[in-house]
Amino acid sequence: MFHAPTRRLALLAASLLTLSLAVVPAEAQIAIGDAIPMADVRMKNVNDKDVTLASLAGKKGTVVVFTCNHCPWAKKWQSRVAEIGNAALAAGLGAVAINANDPAVNSEDGFPEMKKRAKELKMKFPYVVDGTSDVARAFGAKVTPEAFVFDASGKLVYHGTVDDSPNDAAAVKSDWLRNAVNAVSEGQAVTEAETKAMGCSIKYRGQKKAS
Amino acid sequence: MCDLTPILRAAARIALVALALAAAGCSRPSNERVAAAAPPDTLALEPATAEQLLARVREPGARATLVNVWATWCGPCREEFPALMALAERRRADGLRVLLVSADFEEQAAEARAFLAQHGAPGPWLLKNQPDMEFINTLDRRWSGALPATLVYDSNGTPVEFWEGGADSARFEAAVAPLLDRSR
């Protein structure tokens, strides 16, 4: 039997050894003013054609939303994300939804399910697979949903969540993503450039521990 | 003499969880949800803002306080929960206080209580009651909002560690050991 101090030392040693395996990798997030990262990486759209972020960029700006099928938080907002993306397209921006989740963690995040979801939501913009999760890593995206809006010059002007009321669209007081899209479409500055909400962590491919 | 009380208590909790799992069907995937009906021995979920939570953190009587923000819909939260409960049990006598804050939606409160009861979670059971951004930034501006999130405070309520994402037993132990094992 170990004495208590010995047991604690052993636990501490085990802690140090496993520390690096247990924590989500800290990916650097792009900052306001940064350009779209990995814009030339090909990603498969739900129409089975490959696209790149560069090819989807609009003349007035670009909306990129990391989302997925399974996350309850993403589901709360999915209709609003589709609506805002469609409106952005109509206003001359590019728009894309990206699923970076490993479908081995949640099968609901698989490609066939993405096709169904895009159809159900009447998404007029691409819903693509980040097949290595490297695009999400390059953005520093951590949760679903998480939105990034770039202006006409390709600089990040908004990063954050959709709005302040996931449960009830009628109760929204701060319509952050929609306001950012509207501002960019009119060439105006975004008033609230960074927001946050809770969400599901992105299940990066190749991660040693699910998180 | 060796005090067997904590061991017996832990064994009883493990047995309760095992029984609950057996009742729910052990062949289910680990991340599948528990039954929605809360057992009768559940505690209430107390609404809490970040400020109210931090007031509890600063209350005297603990050598370290670990705050864990979780949700029933969060797979990694559910995965790490047994390790967290084992830590709470193992280190309670050393002065560890664990505050569990559910970020569930209101309609999932019964499911949250059932989950906490099945794991023999120590009270208080708290439910986030504040807009996300205020809650997140008040606790730690580094927090992206991803769940689970864990924060560790010393006996004065000073934050000493934060991380988001799932953790294992060794990670939890490493976070509290320096506070609990330092000479009194």
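1. On the α3(B) side, B:Glu80, B:Ala83, B:Leu84, B:Leu87, B:Arg90 and B:Arg91 meet B:Ser169, B:Phe172, B:Glu173, B:Val176, B:Ala177 and B:Leu180 of α6(B); contact here means heavy atoms within 4.5 Å. By class, that contact has 7 nonpolar, 1 polar and 4 charged residues. The classes go like this: Ala, Val, Leu, Ile, Met, Phe, Trp, Tyr, Cys and Pro are nonpolar, Asp, Glu, Lys and Arg are charged, and the others, Gly among them, are polar.

2. Now the geometry of that pair. Helix α3 of chain B spans residues 75-91 and helix α6 of chain B spans residues 169-180; their axes come within 9 Å and cross at roughly 30°. The axes are lines fitted to C-alpha atoms, for helices over the stretch in contact, with angles from 0 to 180 degrees between N-to-C directions.

3. A:Ser133 is worth a look. You'll find A:Ser133 in the loop between β5 (127-129) and α5 (134-139) of chain A; helices (H or I, at least four residues) and strands (E, at least two) are DSSP runs numbered from the N terminus. Although not a glycine, A:Ser133 has a positive phi of about 70°. Its relative accessibility is 0%, so A:Ser133 counts as buried (buried is under 20% relative accessible area, exposed over 50%, partly exposed in between, with a 1.4 Å probe and protein chains only). Not counting residues up to four places away in sequence, A:Ser133 touches A:Ala100, A:Lys203, A:Tyr204 and A:Arg205.

4. A:Met38 also has a positive phi, about 50°, without being a glycine. A:Met38 sits in the loop between α1 (4-22) and β1 (43-45) of chain A and is partly exposed, with a relative accessible area of 32%.

5. What does A:Lys76 contact, leaving aside its neighbours within four places in sequence? A:Pro166, A:Asn167, B:Phe105 and B:Glu107. A:Lys76 lies in helix α3 (residues 72-90) of chain A and, at 25% relative accessibility, counts as partly exposed. From A:Lys76 to A:Ser165 is 89 residues in sequence and 9.2 Å in space, C-alpha to C-alpha.

6. Two cis peptide bonds to check. One joins A:Thr144 and A:Pro145, with omega about -5°, and A:Pro145 is in the loop between β6 (143-144) and β7 (146-151) of chain A. Another runs from B:Gly123 to B:Pro124, with omega near 0°; B:Pro124 is in the loop between α4 (109-118) and β4 (125-128) of chain B.

7. A word on confidence. Chain A averages a pLDDT (the predictor's confidence in each residue, from 0 to 100) of 88, and 85% of the residues score at least 70. Over residues 9-26 of chain A the pLDDT is below 50, and this stretch has 21 contacts in the model beyond near neighbours in sequence. Where pLDDT is low, the predicted coordinates should not be read in detail.

8. Bookkeeping. Residues are numbered from 1 along each chain as its sequence is written, while chains are lettered from A and ligands numbered from 1 in the order in which they are written. In this predicted model local features need pLDDT of at least 70, side-chain atom pairs count only at pLDDT 80 or more, and totals for chains, interfaces and linings use all residues, with side-chain values using heavy atoms and leaving out hydrogens and water.
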